[in-house]
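Dear colleague,

Please find below the structure that I am handing over to you. I would be grateful if you kept it open while reading the notes that come after it.

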Amino acid sequence: MFEGILPAIITPFYRDSRASLDIEGLQSNIESLLQRGVHGIVPCGSTGESATLTFEEHEQVIGKAVEVVDGRVPVLAGTGSNNTEEAVRLTRSAKDAGADGALIISPYYNKPNRSGLIKHFTKLADLDIPIVLYNVPGRTGQNLQPDLVAELARHPNIVGIKEASGDITQISRIIEETRDEEFSVISGDDAMTLPVLAVGGAGVISVAANVDPGRMVGMYEAFRAGDLARAQVLHYELAPLMRAMFIDTNPIPVKKAVELLGMAAGPVRLPLDELDEAKTEQLRKVLVNHG
């Protein structure tokens, strides 16, 4: 169900005193991505600043994404939390809105034990919506081990994982241990997309696709067509842009890049702060060179 290039979309805000939600801009951005051939839309992830959205805003963004997409590609809604009951509320709301699945980050800060992780993810999967786990140790302080992922993958509603550990050996092991399940392993790092595809991964939940969806889609489709040489060319063309998306904390650089390209973006919300002048100029040069 979830494969290919799935942009983790930014959440655009107005430059007003409250950095209020720009719903019209959100709609425009999603439509632009769809016109460039992306294979899915992921609202309210880390790139979408989910941590600073209210419940009402969170639900509004997901509802608008589902409405705009209108069944053309899957919508995988970020609904995770380190509070299980909050995650239940957000996941149930996403299901009611018509989202095709829920992206569930492993609980951050709490550092739950193994049995707690299993009960947390199982409770969400029991809501009867496809669940994609999200492993990003750099943000959560805890790594989902391959054997744990394999155990969770046996639940019929746990259908994949966004893997952002940066460890290709671990990613390969997860793919190996879930081959008998209906389970997709999706890269959580743009730069790892081609290596993850090469070991049997399904695609990427992408930051860079907010900026250059066409080339990201081209790389994926070249690989799937067996044209590895073309996929490699596009990988290296995209590499400077991929690196530029992390010259500061995500989503600070991607939001500035989208704004520089004339799309809806606006500020990041505190406690994040905007890109400084030196890094903005660095980013501008990357975009110019990228074409």
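The notes below go from the chain as a whole to individual sites.

This is a predicted model, in which local features need pLDDT of at least 70 and side-chain atom pairs count only at pLDDT 80 or more, while totals for chains, interfaces and linings use all residues. Residues are numbered from 1 along each chain as its sequence is written, and side-chain values use heavy atoms, with hydrogens and water left out.

**Overall form**

The protein chain has 12 helices and 7 strands (DSSP runs, numbered from the N terminus: helices are H or I of at least four residues, strands are E of at least two). The C-alpha trace spans about 45 × 45 × 35 Å along its principal axes. Of the 291 residues, 56% count as buried (under 20% relative accessible area; exposed is over 50%, partly exposed in between, with a 1.4 Å probe and protein chains only).

**The annotated binding site**

UniProt lists Thr-47 and Ile-205 under "binding site"; such annotations may be inferred rather than shown by experiment.

Thr-47 lies in the loop between α1 (23–35) and α2 (55–69) and is buried, at 4% relative accessible area. Beyond its neighbours within four places in sequence, its contacts (heavy atoms within 4.5 Å) include Thr-11, Asn-210, Asn-250 and Pro-251. Ile-205 is in strand β7 (residues 203–206) and is likewise buried, at 2%. Among the residues that Ile-205 touches, leaving out those up to four places away, are Leu-6, Lys-162 and Gly-188.

Ser-206 also lies in β7 and is buried, with a relative accessible area of 0%. Its side chain reaches the backbone nitrogen of Ala-208 at 3.3 Å and that of Ala-209 at 2.9 Å. Both are polar contacts (N or O atoms within 3.5 Å, one able to donate a hydrogen and the other to accept it; residues adjacent in sequence count only if both atoms are side-chain atoms).

**Backbone points to check**

Most residues other than glycine have a negative phi, and most peptide bonds are trans. The bond from Asn-250 to Pro-251 is cis, with omega near 10°, and Pro-251 is in the loop between α10 (228–244) and α11 (252–260). Another cis bond joins Leu-270 and Pro-271, with omega about 15°. Glu-49 has a positive phi near 55° and is buried, at 5%. Lys-111 has a positive phi of about 55° and is exposed, at 52%.

**Helix α7**

In α7 (residues 168–177), Gln-170, Ile-171, Ile-174 and Ile-175 are buried. They cover an arc of only 140° around the axis, which puts them on the same side of α7 (the arc is that of the directions from the helix axis to the C-beta atoms). At the N-terminal end, Asp-167 caps α7, with a side-chain oxygen 3.0 Å from the backbone nitrogen of Thr-169.

Yours sincerely
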